[in-house]
Structures are given as structure tokens and as C-alpha cells.
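Please view the structure first.

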Amino acid sequence: MKLKNSLKEKRQELSAKQAEIRTAIADGKATEEIRTELDKAKALQEEIRTLEEVIEMEEATSEVPEEIKQENRNVKVTGEKAIRSYLKAKGNYDKLTDEERSMLIEGTAGAGQTSFGVIVPVDVSTKIEEHKRTRVSLKDYCDVQRTGTTSGTYVYESEEKMTGLADLSEGQDIEETEGSLENGTYKINDKAALIPISNNLINDEQGDLSGYIGRLFSKKANYTENKAILDKIKEMVGVNKTNLVKAKDIRTLFNKKVCSALLSESIVLTNQSGFDILDNGVDERGKSLLNNSLPGETEKRLRNRPLVVLDDTLLANIAGKSPLYVVNLFEAVKFMERQGVELAFSSEAGFKKNVSYTRVIERFGLGKKDDKAVVYAELDPTGFEAEALKVSVAGNVNTVNVTPATPPVI
């Protein structure tokens, strides 16, 4: 009994140490300090393994039935198992075992919330991110950074104010590049979804609970993130736009409007209608406006830049014209995210439907960086259709002129 009590205490100590490490990482503590705490955590893990081996050895010589011994030896708590236990306990963190608590971290009550949730473990959050990647995610192109605060500032340098390296001679101070660096601000907002989960799925040990949560939440999270990023770049371009009515206008846009220093990491962002215009469009020589990235690949490119297509419902047409952005999102948008995905049991009504409701939360905030990283234009479908028709007619006329007449048969 004493050994088991010692094991329980060590597991609690390890759980507390893991929480300290996560907090230190979120707060941006020095790497050396974090490594010291990690070494302490590893030492605790080794002590726990030793105690488990001693207990297992003692139980092997006792009168405890074999099936009970096996159960005690082979219990392995995963993140998904810990989440399942948390939901079974209706969000009561204190009802979890030490092993289950060691997999979870209590979250923080956000704006308008009175209850605390738990930060989703790595194996579950990985599944959520995998589901996100099956959809178009603008976040993947942004400058993403973790933070432990609800608001703050960050530093960036725009192309317009870029300065070179200073000359340095022995014994001289480096010249300050005052004015070239700029400060941006961000504020973290809570974004939540209420997801109904069948009680049968919660109780089914073989059910893919994290996959179910991941599929539902990732759809909403993906839409929310994309919309927030779109709103930010729309804010950056304001009323400035270029009208595109033919292929030559696209060349001029890339040659003169897009910052050459930012072009190599830029994408072309448009909606379904815009993609249709480009996919059916041709230049004055009859050559398709779009090309594949590599032979055999399906990814389309415009002027050798990746084409990212969003639904018309998310990125709508304006007065019959389709929006098109040439944007370097890494240099345009700072995406600050706090903690990980948080899950909390909800007491919302679901008793009659045999479901439990979970509140899934992510926290992020956006800030702008370099305005020159975003160029906005609008595609006029009538202009491109007219150009395609003109090329088609010209091609037919040329064909008639160069085809020799068939000589009469004598």
C-alpha cells in the first residue's frame, strides 16, 4: 500500500511539473530554464517506472488473480481516453484518475464563461489539425506565433522602410536602424462551437471520439480563420484596386503592381467564379492563362504562382466581378494563437436526445504587417470572354487562309 501511495504522489508531482513546463513555454521563458524543468520531469518519470516495476514484481508473487494483475499492469492512458473519461465525468476534473489528469491541463475561463475546460491533448489536437488540412486553410500561409497573453505587440519591417546592413569597423558602434522597424498590435478573441456528441459514442471505447470532434470542429474553425484573414487583407487594401479585363492586364499587374521582393512567396487568391474566368481564359496568342505547377500535377498556377480558390459564399463577387488577390500572407498577416484547443463539458439541454454537448474553443487574434504584401484586383468576365472569342475567330480565319484548295480531279 505504501508503494502505491508513493506511486500516486509521484504521478501527481509529474502532472504538476508538466503543467509548469507548458506554462513556461507559453510565457516564453528561457530555453535553459525549460530544459532544467524537463530534466526534473524525466527524473520523475524514471522514479515512476521504477516504482511500477517493484509493484509489478510484488503482485506477481501475491495471491491477486491474474486478470486483475494484468489489468493493473497494462492500463495505458491516451489523450483520447482521458478526454472520454472527462466527458463521462460530465466535466468534473476531480473525478479523473491521476493518470488521466496528467494528460490534461485545465483551461482558463474566457470572456462570458464561468466554467473551465481542459486543453485538448496532443494526440487529439493532431487529429483536429489533420482534418483542417483537408480543407483550404489560409492560416498555413500566415506568420503564425503562439502567445501566452491576451493582447500585445510584435515587430516587423516593411519593404518600404527596409534598410540594409550597416558598415562596421573595429571599435565602432553599429548604427541604429531607427524607423525601419514597426510595431503591430493584436488582441486574442475566443472562438467557440457547441458540438453534440452521442452518449453511445462517449461510452464506446472503440469509437473514434477525437475523429468525430475533429471533423465537426475543424470545419467551423477553418471557416472562421479564413474569414478573419480575408477581413484583415481587405482592410489593408481599402479601396485600392485594379480592373482586369484581358490577359495583358494580368501581366501588367504582376510586372508593375506586385512588389518584386515579395512575389516569390506570394499566392493568387480568388473565388470559384474567378477561377472559372481564369481557367477558361486565354491570352492574345490563344495560350491558356493557367498552367500546372509540374507535369502530371493538378495544382493550377497563374504567372507561376499557386492559385488558392475559396467558395463564392466566403469570397463573394462584387457587382458581377470576381475578386483576385496577389498576396504574400506571411508578410501581410500576423496570426497569434493562445494555448491550444480547449474542450469543456456543457450543461446545455441534451438529456432527451441522449447526447452530451461539448464547448470547443480556440483563441486567436490577427495583426497586420506590410501593406505592400497585398495587391487587389477584380476580374471582369465580359472582357475575358470577348478576348477568348476574338482569339477563336482569328484562329479560324487564319486556318482558312493557310489551307490550300484541293485540286480538281481530272
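A salt bridge here is a side-chain nitrogen of Lys or Arg within 4 Å of a carboxyl oxygen of Asp or Glu. The model is predicted. By this rule, 16 salt bridges are counted.

**Salt bridges across the chain**
- D143 pairs with K369, with the closest N and O atoms 3.0 Å apart. This pair links distant parts of the chain, 226 residues apart: D143 is in strand β3, and K369 is in the loop between β14 and β15. D143 and K369 are both buried.
- R146 forms a salt bridge with E337, the closest N and O atoms being 3.4 Å apart. R146 lies in strand β3 and E337 in strand β13, so this pair ties together parts that are 191 residues apart in sequence. R146 is exposed at 56% relative accessibility, whereas E337 is buried at 16%.

- E47 forms a salt bridge with K10, at 2.9 Å between the closest N and O atoms. E47 belongs to helix α2 and K10 to helix α1, so the pair ties together parts 37 residues apart in sequence.
- E47 is partly exposed at 35%, and K10 is partly exposed at 24%.
- Salt bridges with shared partners join K10, E13 and E47 into one network.

- N226 sits in helix α8 and is buried at 2% relative accessibility. A polar atom of the N226 side chain lies 2.9 Å from the backbone oxygen of V136. Beyond its sequence neighbours within four places, N226 contacts residues including S137, L310 and L314.
- L209 is also in helix α8 and is buried at 1% relative accessibility. Among the residues L209 touches, beyond four places in sequence, are E80, R84 and I197.

How values were computed. Residues are numbered from 1 along each chain as its sequence is written. This is a predicted model: local features need pLDDT of at least 70, side-chain atom pairs count only at pLDDT 80 or more; totals for chains, interfaces and linings use all residues. Side-chain values use heavy atoms; hydrogens and water are left out. Helices (H or I, at least four residues) and strands (E, at least two) are DSSP runs, numbered from the N terminus. Buried means under 20% relative accessible area, exposed over 50%, partly exposed in between (1.4 Å probe, protein chains only). A polar contact is a pair of N or O atoms within 3.5 Å; within protein, one must be able to donate a hydrogen and the other to accept it, and residues adjacent in sequence count only if both atoms are side-chain atoms. Contact means heavy atoms within 4.5 Å.
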